[in-house]
Amino acid sequence: MKDKTEIIRKRYDRAAKYYDAIENMMEKKWFSQWRKLLFRYVKGPKVLEVGVGTGKNMPYYSQDWEIVAIDFSPKMLEKAKERSAKLNLQVDLRLMDVQNLEFSDNSFDAVVTACVFCSVPDPILGLKEIHRVLKGDGVLVMLEHVRSKKEPIGKIMDILNPLVVRLYGANINRNTVENVKKAEFEIVEEKNLLSDIVKLIIAKPIK
């Protein structure tokens, strides 16, 4: 698992310089509106963003929140620090892996992720760590792309997945909703945003 994590970390380090430019068209067309929707469900005051990347979610942070944002890629985190400075945000940015969170149990009121769990080597382990650090009345808010249940689309995603993982480090055929359940969360809301491939997932920890 450690080797897999290192491989994916290096891929994101390499991509950090061009990441925003590569995704610029998708950001303008879809993701900016999805991020606005995502953050309507986030409650404070203590919020953890997992996989902050280059900081694309930062414009949607509330000034009333106490925010910790983590990423396992040093180069992506550098870009996030630059963005937080430009936005004059007070964000505690840390180099950290969701599979091994360095926080006490029941630390956060909300955890938010956006297109993160396609890349976590052991997604259930990462989700169990989120479960641990969330308060009993906390909320997990996710914007994630998943394997389609529509065929033959799902099978095509399965076939293409090894190539995408090698090139980009992201899995396109994860069943994230089921993984969330396996990590002992209750799904409160599951909303399809782009067919059944991009989803908004709202979950509560079962404590």
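Let's start with K199 and E190. Their side chains meet in a salt bridge, N to O, at 2.7 Å. By salt bridge I mean a side-chain nitrogen of Lys or Arg within 4 Å of a carboxyl oxygen of Asp or Glu. K199 is buried, at 9% relative accessible area. E190 is partly exposed, at 41%. Those words have cut-offs: buried is under 20% relative accessible area, exposed is over 50%, and partly exposed is in between, with a 1.4 Å probe and protein chains only.

A word on the source. This is a predicted model, where local features need pLDDT of at least 70 and side-chain atom pairs count only at pLDDT 80 or more, while totals for chains, interfaces and linings use all residues. Residues are numbered from 1 along each chain as its sequence is written, and side-chain values use heavy atoms, with hydrogens and water left out.

Back to the charges. How many salt bridges does a search of the whole structure find? The search finds 12. One of them joins R35 and E27, at 2.8 Å from N to O. R35 is buried, at 7%. E27 is buried too, at 15%. Next, R94 and D92. Their side chains also meet in a salt bridge, at 2.8 Å. R94 is partly exposed, at 31%. D92 is partly exposed as well, at 31%. Then there is a network: salt bridges link R147, E151, K155 and D158.

Now the sheet. Strands here are DSSP runs of E, at least two residues; helices are runs of H or I, at least four; both are numbered from the N terminus. Two strands pair if DSSP finds at least two bridges between them. In general, strands of a sheet pair through backbone hydrogen bonds, either parallel or antiparallel.

Look at one pair. β5, residues 134-145, and β7, residues 198-205, run antiparallel over 6 bridges. There, L143 stands opposite L200 in β7.
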